[in-house]
Amino acid sequence: MNSHELFTSTPPRKLFFYAALPGAVGMLASALYQLFDGMFVGQFLGSTPFAALNLAMPFVIINFALADLIGVGSSVPISIHLGRHEDNEASNYFTCASVLIVLAGIVVGAVIYAAAPLIISLMGAEGEFASLAVTYLRVYGICSPVTTIVFAVDNFLRICGKTRESMFLNIFMSVLSVALEAFFLLVLRLGIAGAALGTCLGMAITAAVAYVPFFRGKMLLRFRRPRFSGAMIKKIVFSGAPNFLNNIAGRITSILMNVLLVRLGGETAVSIYGILMYVEGFIQPLMYGMCDSLQPAVGYNWGARAFSRVKAIEKYCFTAAAIISLAALVVIFLVPAPIASVFLGSGDEAILESTAFALRLFSFTYVTRWFSFATQSFMLAIERSGAATLISVSTALIFPVLLVAALWPLGLTGLWLNFAGTSLLAGVLSAFIMLRFKRDWKKLPPEGSVGIEEAA
């Protein structure tokens, strides 16, 4: 089934199960790998390497941020151009984006590699703790040109209607990365460098496999001689800005948190925060997998002026996000100790109790997290990047920093409560944005008519 038929003719419920569920399964596979990554390092290498991994992780994600900006930023106009049956223009965006991501990987990877010792020292880390973090970060810097493109090509596959292929590739990447990391850690005993190298090789091999059908000309999007323009780059930047700024802002917040954690609780506090991030890294991909997998269909139908179909698709997106989020709340609140023990070795019982306490407070994040997440995804899909950016930056940076100051008297407890408070404020902001959009929706031109850009 090609994209035109899938996005225009498939009933919304069937489209949800066809596109969103494979997307969620694919993201679940990636999330499970992240859990295994943390488990391997925590259980086999010990608490100091686990803390070092978590100290370096914000910068690893920054390494992927520019590629994510280009990948997501190109996916939105690609979907809309396909909805207007402008296939050549869509393929040009695809080609240019692929070239730009590799170039960005070279530049950012070189900077990350060179700056790693200074970055980690500024975080307040010393000795073995700092040395391990530098090693982990430098492996990602070296591999950046061949790894950062993997998430973009996943988007391109879904745009072409290859949702199952996308799912299987994510599963393949996770299984391969787990196998490589286990081999490097348990057989070759490469330490924390092996943990990073296993992930990077898994990503690079997966990206190469994913691009094979594009190079063979078997997909709706085809490689063309790239035609770069200022207008095209501007549209990519504006469309990708919400995700990019969310990544950067979120990492700035993580860096700030780690600096405070090092000072308030040392390696133990950093490790607890890392466990919260691993739990978040398991739940958020499920919501992201569903919402992101529906973005091409939403963008396509928005470009085709099929507004009632857009509304029907989004109902499934919001409902699915709510179910996942509220289920996470219940599970984390009821069984925090078993979750914590997955990452902690047979160590101090007090650390386990502290982690369980932090997880219970963290669980309240998911009372409202689903609403802001789905709203941001919807705004991004219909090229309302300003609203999406406001939600993402507020959620990732503005609200957390404000709450750090407001909750500072509570010490570490205030940092654990920061997540739930941020989620609540983001939900209120998203409700305000949706109410404003609801009024604007009534002003849109009739379905199938022109002039949507002016109305929107």
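**Notebook: charged side chains**

Entry 1. I began with the surface of this predicted model, where I found that R216, K218, R222 and R224 form a positive patch. I then looked up one of these residues, K218, and placed K218 in the loop that runs between α8 (192–215) and α9 (230–303). I noted K218 as exposed, because its relative accessibility is 56% and the cut-off for exposed is over 50%.

Entry 2. Next I asked how many salt bridges the structure holds. I counted two salt bridges in the structure, and I took them in turn.

Entry 3. In one of them, E89 is paired with R227, and I read 3.8 Å between the closest N and O atoms. This pair links distant parts of the chain, since E89 sits in helix α4 (residues 87–122) while R227 belongs to the loop between α8 and α9, 138 residues apart. I also checked the cover of both partners: E89 counts as partly exposed at 27% relative accessibility, and R227 is likewise partly exposed, with a relative accessible area of 48%.

Entry 4. The other salt bridge I looked up joins D154 and R158, whose closest N and O atoms are 2.4 Å apart. Both residues lie in helix α6 (residues 150–159), and because they are four residues apart there, about one helical turn separates D154 from R158. Are the two partners buried or exposed? I recorded D154 as buried, because its relative accessibility is 8%, and R158 as buried too, at 4%; the cut-off I applied for buried is under 20%.

Notes
Residues numbered from 1 in each chain as written. Predicted model: local features only at pLDDT ≥ 70, side-chain atom pairs only at ≥ 80, totals over all residues. Heavy atoms only, no water. Patch = residues over 30% accessible without salt bridge, like charges linked within 9 Å, V, L, I, M, F, W, Y side chains within 5 Å. Areas by Shrake-Rupley, 256 points an atom, 1.4 Å probe, with all protein chains shown as cover. Salt bridge = Lys/Arg side-chain N within 4 Å of Asp/Glu carboxyl O. Lys, Arg positive; Asp, Glu negative; His and termini not counted. Charge placed at Lys NZ, Arg CZ, Asp CG, Glu CD. Helix = DSSP H or I, 4+ residues; strand = E, 2+ residues; numbered from the N terminus. Buried < 20%, exposed > 50% of the residue type's maximum accessible area, 1.4 Å probe, protein only.
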